[in-house]
Amino acid sequence: MRRIVIVLSALLACMLAGCSPDVTKDVGDENIVVPIFASAENYDNGGGSRGITEMPTGGVWGDDPWRSGAIMQSLPAMIGFEELKMNNFDSVKAEAEERGRFSLIGFDVEAMTDTWRENDDGWFMQYRIWYGKNPVGLIQYYYNKDSKRFSYRQLVAVAPVNIIHGVEYIPTPFIIALEFQDIDVRNLNKVGQFSFGQLGPDGKIEEDALVDWIWLGKFDSQSGEATQGISFNRAWISGRSDKDLFQSFIHADKVRGSDLFDLQDIYDQIAGLRGDRDYVIDTRSEAEAMDDDFLFGVSKYMYANYQNLSRGYEGGFSSYDDFMAASLEEIDEGFEAHEVKDGMRKLGNAVNTNPVIFSWSGGKSAAAQTTGDGGYAEGPDFASVTSREKLEKTDFLEFYDQLEGKEGNELVEALVDAHLRACGIEDEDYIANYAYACLEVPKYDTIPEYIKRWPMEVTSMDPDRFKADFETALKEWS
């Protein structure tokens, strides 16, 4: 069977009403551009699984149990593209139906071909993500044949069960959403490479790839107990992906979110998992019950375009504009009241720079997040990689030879330089400014560690001016 190719990273969403039935018109010599999935059968997955409650270790993920969780914050299931010459769109659908479910690093994925659409402006494809017997998320992809651009979103429920010192616990469960918006795919001669979050002509990072976390509780690592509460974080990411490598990082200077708050409507969703009025997900059985009904039940209170998403999930999208009208970018007005608008430092959940690499072809990976004292995660930032010991735990040396022999600030600067260039950002001033910000923020001890944020956006302005402005902003902020 010829393997059909399609897209992804960590997990997402739904679709629009009134879509027309499948069209079986002949597309002639016109190519159909489809995404390539990183099927688990293509490389050594270390025998581990990925799912709503487990994160894999070993094989491509390395030995650190915290690495896969860091990588999956921005990793799409899609690793590139392929052009297929088909007689008609139904041929592509037939192949997907023939393939059935396939393993995607622990999850099972299945094409929802009854919602696929061949429209005048391109092709819409959708997949359901399964964990065991439960659907837990979805993947949506739309290729615009006129502009030769794609958009992609995924949404999934996650509640890892960790065991530390023999005790099983669930750190904060969450729903994670990933969206790539109108990304250029003309460069198919470079093994289907696509880039996102690149530096624009104004010297600022373009906001075309976002990752959201809807946190369903708060876990105290000191007491080992979870308490009720809802919070939200959004970050923009930069990176590149192709059939060989995925690399990305998060912009700590471009984060928005909320303090911990109560929302009874979401509490009711949580209580439905438990069968009582307790609003904390703290057992394996409750975590495994976080299916797509729960995911949509929570998401509808967060996203302004939820109705478009849900209708599209049921029936597909009739145009690229319809797909974009279901974007996750717009937050629901009711939830806006909970957002922090006057300073990132008020956020209760940390979002770090989190540089990561995943090699599809090489079967290896790297991440700044590693296991620290007590078995908990530590250092998911560029600035945490200051020693040879830490560097070796991250496995960045597997990818960047220029880090060899460096320590302290020099090592951080070299890692920032290497990784930003790998992610497609090569402007010398921007790289210098980003490295400076990475090293400067940790110096301000008056800002609590768990809520440190950057006080201003990094741009490609003159480095001397940026340093002065950044230092002033830090002092005013702290």
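Visitor: Why is Arg421 called partly exposed?

Guide: Arg421 has a relative accessibility of 25%, and partly exposed denotes the range between buried (under 20% relative accessible area) and exposed (over 50%), with a 1.4 Å probe and protein chains only. Arg421 therefore counts as partly exposed. This is a predicted model, in which local features need pLDDT of at least 70, side-chain atom pairs count only at pLDDT 80 or more, and totals for chains, interfaces and linings use all residues. Residues are numbered from 1 along each chain as its sequence is written, and side-chain values use heavy atoms, leaving out hydrogens and water.

Visitor: What makes the contact of Arg421 and Glu428 a salt bridge?

Guide: The N to O distance is 2.9 Å, and a salt bridge requires a side-chain nitrogen of Lys or Arg within 4 Å of a carboxyl oxygen of Asp or Glu. The pair therefore qualifies. Glu428, at 52% relative accessibility, counts as exposed.

Visitor: How do you know that Glu398 and Lys364 form a salt bridge?

Guide: Their closest N and O atoms are 3.8 Å apart, so the pair meets the 4 Å criterion. Helices (H or I, at least four residues) and strands (E, at least two) are DSSP runs, numbered from the N terminus.

Visitor: Why are Lys475 and Glu471 said to be separated by about one helical turn?

Guide: Both belong to helix H12 (residues 463–477) and are four residues apart, hence the description. Lys475 and Glu471 also form a salt bridge, with the closest N and O atoms 3.3 Å apart.
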